Amino acid sequence: MGKVFIQFLWLGCVGFGGPAAHIGYFQRTFVTRLGWLSQAEFAQLLALCQLLPGPASSQLGFAIGRHRAGLGGALAAFLGFTLPSFLLLLAAAIGLGQAGTNLWLDAALHGLKLLALVVVADAVLTMSRQFCKSRLQQGIMVATAAALWWQPGLLTQSAMLIGAALLCARQAAPANSHPVSAHPPHWPTLILFGLLFVGLPWLAQGPASQLVADFYRAGSLVFGGGHVVLPLLQESVGHSLSQPQFLTGYSLAQLVPGPMFSLASYLGALLLPATPLLGALLATLALFLPGFLLLWAMGPCWQSWLARPRLAGAVTGINAAVVGLLLAALYQPVWLSAVLAPADLALAAVAFYLLRVIRLPILALAALLVGASLLLI
């Protein structure tokens with residue numbers, strides 16, 4: 001469990017670039033470097049996380065921690081990956097994060113954005129070779145990326161994932177053996193999820209309990225990643241915070257490493273100004289909890305369901321579409337936020353060669369890109 005925490009704490013410190021980059025970091029760390037799970041197991045967990053509401057990259061980390069060390073490993077993964085961004089955004093909320101306009105800090109952060117670009121590009125190449133072997137899978141990958149470049153948004157993403165699943169399910173061969181008996185989901189966890197969703201608003205009597213109810217509801221309805229949580233939270237707690245406060249928190253959440261859902265840490269501290277640490281803790285836990293409950297509930301039945309040929313075919317389609325999502329994210333937001341000048345493209349190309357061919361460690365590559373960005377000020 002300690003090893004799980006240390007690995008995820010490190011990734012929480014260097015995990016810039018949003019969910020697409022986080023998936024790339026996880027794939028490279030836990031599949032390629034550490035071998036904690038196979039590429040196929042990684043793909044199955046990723047497909048499940050894509051289908052459920054909540055923060056996909058944090059859910060994937062939670063699932064990897066569970067795969068490695070059970071419930072303790074899952075909690076250690078969440079704590080390690082979320083702690084750096086939680087502390088940074090809490091500090092910003094109480095007035096300790098005033099260095100955002102510092103020229104040197106901006107340059108260092110830009111170097112880390114270039115690192116995210118390289119990691120995502122490497123993940124796209126690796127995962128496309130693994131999950132897009134047939135013409136159909138390659139077509140799904142390209143069609144998904146093209147659709148999101150043309151019409152970005154949650155509706156397009158959901159339509160492509162569902163369409164890919166249905167298409168590949170129809171192409172799957174029917175079962176020749178006896179039907180596989182699927183394990184049921186973990187019903188107590190599902191019931192707890194539903195009771196909290198329905199009961200928390202009724203139990204909200206004060207600012208703290210109302211905060212928990214609002215953030216839990218938002219976390220239960222977020223499909224499509226961390227960026228979708230902003231309008232949901234703005235609708236839930238917009239009466240208590242101003243538009244500039246929301247946008248400031250949103251910008252800070254994109255500047256710090258770790259999950260986008262750590263925006264809750266900043267907003268929670270502002271909503272309970274007398275006890276900012278308590279507000280940040282309650283908001284963060286409430287926003288992450290629904291996705292983790294659903295992941296825990298569906299985990300037991302997921303593996304047995306994959307033994308069904310048509311469902312397994314659907315998963316191959318989802319995997320191909322997920323590669324397309326990563327390919328689309330490689331351009332927006334990763335490329336657009338990282339490549340601002342020809343020098344950035346040159347640095348990214350050299351860094352990709354060093355990572356892919358020379359196999360330079362991520363830490364050394366991060367130091368190289370940050371140093372180069374500082375020299376180009």
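Colleague: How far is the sulfur of Cys-168 from the closest cysteine sulfur, and in which residue is that sulfur?
Modeller: This is a predicted model, and in it the closest cysteine sulfur to that of Cys-168 belongs to Cys-132, 9.7 Å away.

Colleague: How many disulfides does the structure hold, then?
Modeller: The structure holds zero disulfides.

Colleague: Is Cys-168 buried or exposed?
Modeller: Cys-168 counts as buried, at 6% relative accessibility. Cys-49 also counts as buried, with a value of 1%.

Colleague: Let us turn to the fold. How many helices and strands are there?
Modeller: The chain has 16 helices and zero strands. Its radius of gyration is 21 Å, close to the 21 Å that the globule rule gives for 377 residues, so the chain is as compact as a globular protein of that length.

Colleague: What does the C-alpha trace span along its principal axes?
Modeller: The span is about 65 × 55 × 40 Å.

Colleague: And what share of the contacts with a separation of 6 or more comes from residues 24 or more positions apart?
Modeller: Such residues account for 75% of those contacts.

Colleague: How much of the chain is buried?
Modeller: Of the 377 residues, 51% are buried. The chain exposes about 17000 Å², and carbon and sulfur atoms supply 69% of that area.

Colleague: What about charge: how many positive and negative side chains are there?
Modeller: There are 15 positive and 6 negative side chains. The centres of the two sets lie 17 Å apart.

Colleague: Now some individual residues. Where does His-22 lie?
Modeller: His-22 lies in helix 2, which covers residues 18–33. Its relative accessible area is 1%, so His-22 is buried.

Colleague: What is His-22 in contact with, leaving aside neighbours within four places in sequence?
Modeller: His-22 is in contact with Gly-15, Ser-57, Phe-81, Gly-258 and Pro-259.

Colleague: And Ser-58: which helix holds it, and what is it in contact with beyond four places in sequence?
Modeller: Ser-58 is placed in helix 4, residues 56–93. With its neighbours within four places set aside, Ser-58 is in contact with Phe-81, Pro-259, Phe-288 and Phe-292. Ser-58 is buried, with a relative accessible area of 5%.

Colleague: Where is Leu-112, and is it buried or exposed?
Modeller: Leu-112 belongs to helix 5, residues 103–131. It is buried, at a relative accessible area of 13%.

Colleague: Which residues does Leu-112 contact, again leaving aside those within four places?
Modeller: Leu-112 is in contact with Phe-16, Ala-366 and Val-370. As for Gly-65, which is 47 residues from Leu-112 along the chain, the two C-alpha atoms are separated by 25 Å.

Colleague: One last item, the backbone. What is phi of Arg-359 near?
Modeller: Phi of Arg-359 is near 60 degrees, a positive value in a residue other than glycine.

Colleague: Where is Arg-359 found, and is it buried or exposed?
Modeller: Arg-359 is found in the loop between helix 15 (342–356) and helix 16 (362–375). Its relative accessible area is 59%, and Arg-359 is exposed because that value is over 50%.

Note on methods
Residues numbered from 1 in each chain as written. Predicted model: local features only at pLDDT ≥ 70, side-chain atom pairs only at ≥ 80, totals over all residues. Heavy atoms only, no water. Helix = DSSP H or I, 4+ residues; strand = E, 2+ residues; numbered from the N terminus. Rg over C-alpha atoms; globule rule 2.2 N^0.38 Å. Buried < 20%, exposed > 50% of the residue type's maximum accessible area, 1.4 Å probe, protein only. Contact = heavy atoms within 4.5 Å. Areas by Shrake-Rupley, 256 points an atom, 1.4 Å probe, with all protein chains shown as cover. Lys, Arg positive; Asp, Glu negative; His and termini not counted. Charge placed at Lys NZ, Arg CZ, Asp CG, Glu CD. Disulfide = S-S within 2.5 Å.
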